[in-house]
Amino acid sequence: MGYALNFNLIWRHFDKLWGGLLLSLELAVISIAIGVVIGLVLAVWYVSAGRVVRAIIAAYVEFIRNVPLILLVYLVFYGLPTVVDLAYSAPTSFVLTLSVYSGAYLVEVFRSGLEAVPRGQLDAGKAIGLTPWQRLIHVRLPTMLRITLPALSNTFISLFKDTSIASVISVPELTFGAQWINFNTFRIVEVYLVTTAMYLVTGYALLFALRLVERRFRAAR
């Protein structure tokens, strides 16, 4: 007898998936917000500092980019508390990891954006008497934001999907909710079909919203 699809048990426990989806979005939003701060500060520092600082920032970026995220999650959640006297929850540990992870990628995004600002704009700001700090705030950063917004949007979508890795340390996000339903109902196909659909619909909705923001910024130029 073939496998017969039955979604009744999935709908009965749908609150696990819905609550997990909301937590996934929360983890992604908090992580991208912290990652933007990390990436922006280090990118500004990189383009204006000397060789030693640039080498340190480059080492951080290369380390994070070449280590699997799941390994970083294990190191921060299991490894760091054994070396340093720290105690934090699984969601806090994951946000910390994902923020540092996204920050490394955003350093490169913002660095390239800062270096892509036309020299003429900076010279114009200098000509009207703006200080280096004022040129950064009023000229360089707004232009850089318009340049890097598509890459920033893609990073956020990627982080939303990466929140699924939090299930390995029992953070009750969407994938963890799907695993819980699977273990308790054994409806493997149904639960992962529904979970896949939730990731797809949410991802496309986020992409649509972010593209609207990008168009608005382009129109405001």
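Good morning. I begin with Tyr105, which counts as partly exposed because its relative accessibility is 30%; buried means under 20% relative accessible area, exposed over 50%, and partly exposed in between, with a 1.4 Å probe and protein chains only. This is a predicted model, in which local features need pLDDT of at least 70 and side-chain atom pairs count only at pLDDT 80 or more, while totals for chains, interfaces and linings use all residues. Residues are numbered from 1 along each chain as its sequence is written, and side-chain values use heavy atoms, with hydrogens and water left out.

Helices here are DSSP runs of H or I with at least four residues, strands are runs of E with at least two, and both are numbered from the N terminus. Tyr101 counts as buried, because its relative accessibility is 13%.

The whole structure contains 6 aromatic pairs. Rings of Phe, Tyr and Trp (its six-membered ring) pair if their centres lie within 6.5 Å; planes under 30 degrees apart count as stacked, over 60 as edge-to-face and the rest as tilted. The ring centres of Tyr101 and Tyr105 are 5.1 Å apart and their planes stand at 55 degrees, so this pair is tilted. Elsewhere, ring pairs join Phe7, Trp11 and Phe14 into a cluster.

Let me turn to the chain as a whole. The protein chain has 9 helices and 0 strands. Its C-alpha trace spans about 80 × 50 × 25 Å along the principal axes. Of its 221 residues, 38% count as buried. Contact means heavy atoms within 4.5 Å. Among contacts between residues at least 6 apart in sequence, 80% join residues at least 24 apart.

The axes of helix α2 (residues 14–48) and helix α3 (residues 51–65) come within 9 Å and cross at roughly 145 degrees. Axes are lines fitted to C-alpha atoms, for helices over the stretch in contact, and angles run from 0 to 180 degrees between N-to-C directions. Helix α2 contributes Ile38, Leu42, Trp45, Tyr46 and Val47 to the contact, and helix α3 contributes Val53, Arg54, Ile57 and Tyr60. These residues divide into 8 nonpolar, no polar and 1 charged; Ala, Val, Leu, Ile, Met, Phe, Trp, Tyr, Cys and Pro count as nonpolar, Asp, Glu, Lys and Arg as charged, and the others, Gly among them, as polar.

Within that contact, the charged end of Arg54 sits over the ring of Tyr46, 4.7 Å from its centre. A charge sits over a ring if NZ of Lys or CZ of Arg is within 6 Å of the ring centre and within 35 degrees of the ring normal. Lys16 likewise lies over the face of Trp180, at 4.4 Å from the ring centre.

Finally, two threonines. Where is Thr185 placed? Thr185 is in helix α8 (residues 174–185), and with a relative accessible area of 10% it is buried. Not counting residues up to four places away in sequence, Thr185 touches Leu9, Ile10 and His13. Thr195 lies in helix α9 (residues 188–219) and is buried, with a relative accessible area of 5%. Leaving aside neighbours within four places in sequence, Thr195 is in contact with Leu17, Leu174 and Ala178. Thr195 and Gln179 are 16 residues apart in sequence and 10.0 Å apart in space, C-alpha to C-alpha. Thank you.
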